[in-house]
Amino acid sequence: MACFERASPALKEILLKLYRTEKPMEIDHHLYEFGAVEYHIQSSASDPHDTYLSIATPLLSQGVLPSQGLSHHTIEMIKGICSDCLEIVEPVREGYQLTLRLDLAKIPRGKDGAKVIAQISSIQGVILSSQLKETLQNVNSQDTSKGMYKPIKLVYHPREPFFVIRQPQKITAVFPMRFRENSDVIIATAFFQELMDVGSSEAWAKAPPCTWSPIPPPELRGELFEDLSTNGGFVSFDIFSCHVEGKQLDKTVWSLLNFYACVKHHVKCTRGFIQRRMKNRLGSLVEVLQNASLEKEVHIQKDEGCRYVRKLVSFSRSKILNRRCGHFTKRIRSPIKIHGFSRFHQQWTMPKFSLTKYTKLD
């Protein structure tokens with residue numbers, strides 16, 4: 001029920017598996033979903049024709065709706081889904097508000113069968129919608145005897161109650177908004193302000209007017225402090241008779257039940273969008289810094305090359321020739337060494353005579 005679809009995705013998957021299987025299956029499965037909703041699916045291989053589905057869902061409001069079982073209007077809506085393959089079991093199993101016996105073999109094959117399975121999976125949404133419709137229609141007139149309209153607290157989720165106030169010409173639905181993160185509060189506040197601006201335009205004149213306030217509206221005076229302590233303010237919708245006539249009633253009721261889920265979905269998507277933009281922006285800034293560092297290195301190399309050319313130009317022509325040919329002249333002045341010439345030199349050299357002095361004889 002946290003999603004926008006009426007049908008439960010998990011329940012629909014199990015029922016389609018039982019519907020399409022060729023061999024009998026043994027299933028005894030419990031499903032738990034958002035809003036303290038519980039499903040119990042039982043299917044026996046010894047009795048393949050009958051599948052039992054039990055549903056437990058909390059009542060939206062205590063004291064306004066019937067305390068035992070479902071109303072006659074809700075039961076008739078459930079029977080109208082597919083009377084041939086669906087039967088309400090009496091008494092219901094302990095701990096559940098509704099128990100159904102399903103004969104999946106009687107469901108038509110093809111696309112029509114998939115539609116019937118989707119309608120069966122959306123029974124919990126039908127129950128909630130019926131409860132909200134009855135809440136709006138069964139308000140006692142004694143609450144308005146002194147000109148006061150008592151708010152009706154509807155608890156769809158323990159941490160997400162909302163209020164419905166019925167007035168002579170309109171019905172006001174008030175949603176206290178709570179968020180865990182401060183960033184979510186900022187995103188949601190901007191969303192509420194934009195919602196008010198769009199709702200007041202001519203293009204959306206037929207939509208219920210929306211107002212947002214950081215403080216509780218006057219209609220909620222006297223309610224418990226814990227219900228009025230919020231960090232995201234209060235969102236109110238004014239519902240007129242044109243919004244609850246014919247098919248509009250189902251759409252209005254379903255929109256009210258899913259308003260919290262819609263806001264959470266918007267906040268989550270916006271947070272993800274901001275994070276992706278920040279990541280892309282960070283990548284582009286890093287790329288700019290890298291390109292700047294590369295250009296700086298190239299510029300430094302060019303400056304060093306220019307300095308070397310300037311040094312060469314500053315030298316005279318004689319110095320340049322000396323630098324280029326100095327090493328070559330040093331090699332020419334050095335004696336040439338021939339291998340084996342030393343022995344040849346020893347054999348052909350003239351002997352050395354001593355220069356001793358002789359005295360003349362008389």
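1. Serine 236 is placed in strand E10, which covers residues 234–239; strands (E, at least two residues) and helices (H or I, at least four) are DSSP runs numbered from the N terminus. The model is a predicted one, in which local features need pLDDT of at least 70, side-chain atom pairs count only at pLDDT 80 or more, and totals for chains, interfaces and linings use all residues. Residues are numbered from 1 along each chain as its sequence is written, and side-chain values use heavy atoms, with hydrogens and water left out.

2. Serine 236 counts as buried because its relative accessibility is 9%, buried meaning under 20% relative accessible area with a 1.4 Å probe, protein chains only. Leaving aside residues up to four places away in sequence, serine 236 touches Thr172, Ala173, Val174, Pro209, Cys210, Thr211 and Pro217, a contact being heavy atoms within 4.5 Å.

3. The largest nonpolar core has 32 residues, of which Phe175, Met177 and Phe192 touch the most other members. Such a core is a set of buried Ala, Val, Leu, Ile, Met, Phe, Trp, Tyr and Cys residues joined through side-chain atoms within 4.5 Å. A second, separate core of 30 residues includes Leu15, Leu18, Cys82 and Ile88.

4. Asparagine 258 sits in the loop between helix H7 (247–257) and helix H8 (259–314). With a relative accessible area of 4%, asparagine 258 is buried. A polar atom of its side chain lies 2.9 Å from the backbone oxygen of tryptophan 254.

5. Overall, the protein has 10 helices and 10 strands. Of its 362 residues, 34% count as buried.

How values were computed:
Buried means under 20% relative accessible area, exposed over 50%, partly exposed in between (1.4 Å probe, protein chains only). A polar contact is a pair of N or O atoms within 3.5 Å; within protein, one must be able to donate a hydrogen and the other to accept it, and residues adjacent in sequence count only if both atoms are side-chain atoms.
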